[in-house]
Amino acid sequence: MHDFPDLPFDAAIEAIKATVPSHLQSPRVGIVCGSGLSGLVDSIRDLHLVPYNTIPGFAESTVPGHKSSLAFGLMGSGEGVPVVAMLGRFHPYEGHDLRVVVYPIRVMARLGITNLILTNAAGGLNPNLAVGTIVALHDHLALPNMTGMNALLGPLTSSSHARFVPLSDAYSPALRRLLFLGAHHLGLSADEVTEGTYAWVSGPTYESPAEGRFLRLVGADVVGMSTVPEVLAARQEGLNVMALSLVTNAVVIPETYRDIRAEVATELAGKPVELPPAQVVSHEEVLEIGKAKGQVMMKLVEYVVSALS
Ligand SMILES: O=P(O)(O)O[C@H]1O[C@H](CO)[C@@H](O)[C@H]1O
Ligand SMILES: Nc1nc2[nH]cnc2c(=O)[nH]1
């Protein structure tokens, strides 16, 4: 097997083990916190943070709302389940190579996790999804994968890895079952926690109206700029995967466009023109909803992790 200068697995594991107390060194569950969702760290006790800049091969998260540390600790009642959470992830639009984007997933797999819970902030394409809804992904649609931007391109990083990775059951039905049991126990309605398909786009632009319409037409419920590369690497590593999107904004898909010619004609006829309110998504709005609704996501994740003990 090749040695990868950009993916120094042994050095990363060594650096982590040199600082993390021994009872936390072999987490069973990995968690990735999406935009504005790092508050999940509050549910980890016996917390031990390892900054990304002390782990060989890790990049820095440059996106507001993403911290740059691995959080080791225990989650859930009783003895607790050893977990490791990424407080902040890497996105290709930050300039990170896809192999670097998924490197932390592979490092967590080498630390011994068997289950991975991914969270993200996403735009709602399905008009039935209100802002604040949590969507358990049951599938994805990744146009970049289909056009040559797949995280598994290139040499295998372990001799045990499959070259061709099936994705028919990428999002573990067993973990989704636990999630919906958790939603029931927490008294959350079907409108608050549901299932759907995630469209992965590279970003960093949000969708144009035509792009939003296209993604909806081809079956996506939510859209975001992360998660799918991590799912692919996790499946290649043999991990069970659950992914949760928090709908932070509705993607605006107008049925018609503003008729500027008609507006000009109205203006020329001396009548006042009524302008529609501007609807523009911003990352600040995404972070705000993340903060407001992150608690619910945290409780669900806690439930699933506890059930895995
Ligand atoms: O997917 P996460 O990392 O949660 O972040 C989402 O929010 C950012 C855009 O506001 C993008 O990075 C998008 O992917
Ligand atoms: N692509 C995309 N990513 C997001 N992340 C949060 N909201 C959105 C959105 O509307 N579009």
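**Figure 1. Surroundings of ligand 1 in the predicted model**. The shell around ligand 1 comprises 13 residues, and the closest are Gly34, Ser35, Asn120, Met225 and Ser226. Strand S5 (115-124) and helix H8 (283-307) are the elements that give two or more residues to this shell. By residue class, the shell around ligand 1 consists of 8 polar, 4 nonpolar and 1 charged residues.

**Figure 2. Positions listed as "binding site" in UniProt**. The unreviewed UniProt entry lists Ser35, His66, Arg89, Phe90, His91, Ala121 and Ser226 under this heading.

**Figure 3. Arg89 and His91 in the loop between S4 and H2**. Arg89 is placed in the loop that links strand S4 (81-87) and helix H2 (98-111), and His91 lies in the loop between S4 and H2 as well. Arg89 counts as buried because it has 27 C-beta neighbours inside 10 Å. His91 has 21 other C-beta atoms within 10 Å and is therefore buried. Leaving aside residues up to four places away in sequence, His91 touches Val63, His96, Val101, Gly203, Met225 and Ser226.

**Figure 4. Helix H6 and the residue Gly238**. Helix H6 (residues 228-236) is largely enclosed by the rest of the structure, because 9 of its 9 residues are buried. The buried residues of H6 include the charged side chains Glu230 and Arg235, together with Val228, Pro229, Val231, Leu232, Ala233, Ala234 and Gln236. Just after H6, Gly238 adopts a positive phi of about 85°.

**Figure 5. Confidence of the prediction**. The protein has an average pLDDT of 94, and 99% of the residues score at least 70. The model scores are ipTM 0.99 and pTM 0.96.

How values were computed. Residues numbered from 1 in each chain as written. Chains lettered and ligands numbered in written order. Predicted model: local features only at pLDDT ≥ 70, side-chain atom pairs only at ≥ 80, totals over all residues. Buried ≥ 20, exposed ≤ 12 C-beta atoms within 10 Å, placed from the backbone. Helix = DSSP H or I, 4+ residues; strand = E, 2+ residues; numbered from the N terminus. Near = placed C-beta within 6 Å. pLDDT = per-residue confidence, 0-100. UniProt positions renumbered as here; feature names shortened; annotations may be inferred. Contact = placed C-beta atoms within 7 Å.
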